[in-house]
Amino acid sequence: MSGVRAQQKQKTRQALIQAAFNQLSAEHSFSNLSLREVAREAGIAPTSFYRHFKDMNELGLTMVDEAGLTLRQLMRQARRRIASGNNSIISTSVITFMEFIDNSSNQFRLLLRERSGTSKAFRAAVAREIKHFILELAHYLESETPCDATQAYIQAEAMVTLVFNAGAEALDIDAQQREELVERVIWQLRYITRGASNYVRENTKPNE
């Protein structure tokens, strides 16, 4: 029975997380959410909320973790698709990121808003998720290009910053503008990778 209770508790915990995400929108940020509203949408009594989270801040920090994990998993899937075919790493990655914004816009809104929000704990949590994202990309670049660890990290940081900024713009534009944005970002990322490649080639001695 303990296993069944544990599964039910996890199911309710996830329902609370999803309920909170569902209530986010362009006009409704996490700071506007109430415990009572979230509990009601999750189908539990407000007092039962505390069996799963200490307070709303703990729920919010968990949501940041979930959003970051979802994005990283999608980008890992994109890299696997690239490895198994002839797809462009840059175009596939940008399109995958834009699909994340389309399908999980509230998760991205949370990361975007709390990245520069008033809560130090939330800013740190988002920074940590972005750092994970940068490190994964840097590791990939180090293994797939001539860049060393430092060069790969600098390149990855520039690319992630560019894509996140583009994601913020993508939230509020129409389909035609989105297509133009995607094309522009793809070229910007190509310039970064070409610049990094040229830098490595020009600064590597023949005997190294």
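A: A definition to begin with: buried means under 20% relative accessible area, exposed over 50%, and partly exposed in between, with a 1.4 Å probe and protein chains only. Helices here are DSSP runs (H or I, at least four residues), numbered from the N terminus.

Q: What kind of model is it, and how are residues numbered?
A: It is a predicted model: local features need pLDDT of at least 70, side-chain atom pairs count only at pLDDT 80 or more, and totals for chains, interfaces and linings use all residues. Residues are numbered from 1 along each chain as its sequence is written, and side-chain values use heavy atoms, with hydrogens and water left out.

Q: OK, α2. Which residues are buried there?
A: L35, V38, A39 and A42. They sit on the same side of α2 because they cover an arc of only 95 degrees around the axis. That arc is taken from the directions from the helix axis to the C-beta atoms.

Q: And what's exposed on the other side of α2?
A: R36 and R40.

Q: What follows α2?
A: G43. Its phi is positive, near 80 degrees.

Q: Switching to the core. How many residues are in the largest nonpolar one?
A: There are 57, and L59 and M63 have the most contacts inside it. A nonpolar core is a set of buried Ala, Val, Leu, Ile, Met, Phe, Trp, Tyr and Cys residues joined through side-chain atoms within 4.5 Å.

Q: Which helix gives the most to this core?
A: α6, with nine residues. The helices that each supply at least two core residues include α1 (2-22), α3 (56-83) and α8 (175-202).

Q: What is M63 in contact with?
A: I17, A20, F21, L24, F30 and L110, leaving aside neighbours within four places in sequence. Contact means heavy atoms within 4.5 Å.

Q: Now Q107 in helix α5. Buried or exposed?
A: Q107 counts as buried because its relative accessibility is 14%.

Q: What does Q107 touch?
A: F21, E66, A67, T70 and F100, not counting residues up to four places away in sequence.

Q: Let's talk holes. How many cavities of 30 Å³ or more turn up?
A: Two, from a search of the whole structure. On a 1 Å grid over the protein atoms alone, a cavity is a set of points where a 1.4 Å probe fits but cannot get out, and a pocket is an open set with protein on both sides within 12 Å along at least five of seven lines; lining residues have an atom within 4 Å of a point. Grid points are joined across faces, edges and corners, and a volume is the space filled by probe spheres set on the points.

Q: What's the volume of the largest cavity?
A: About 250 Å³. Of its 16 lining residues, M75, S93, F133, L137 and V163 lie nearest its centre. α4 gives the most to the lining, with five residues.

Q: How do those lining residues divide?
A: Eleven nonpolar, one polar and four charged. Ala, Val, Leu, Ile, Met, Phe, Trp, Tyr, Cys and Pro count as nonpolar, Asp, Glu, Lys and Arg as charged, and the others, Gly among them, as polar.

Q: What lines the second largest cavity?
A: G68, L71, R72, L111, E129, I130, F133 and F164. Its volume is about 30 Å³.

Q: Last one. How much space lies in the largest pocket?
A: About 180 Å³. Its lining has 14 residues, with I89, L141, T145, Q155 and T193 nearest the centre. α6 gives the most to that lining, with four residues.
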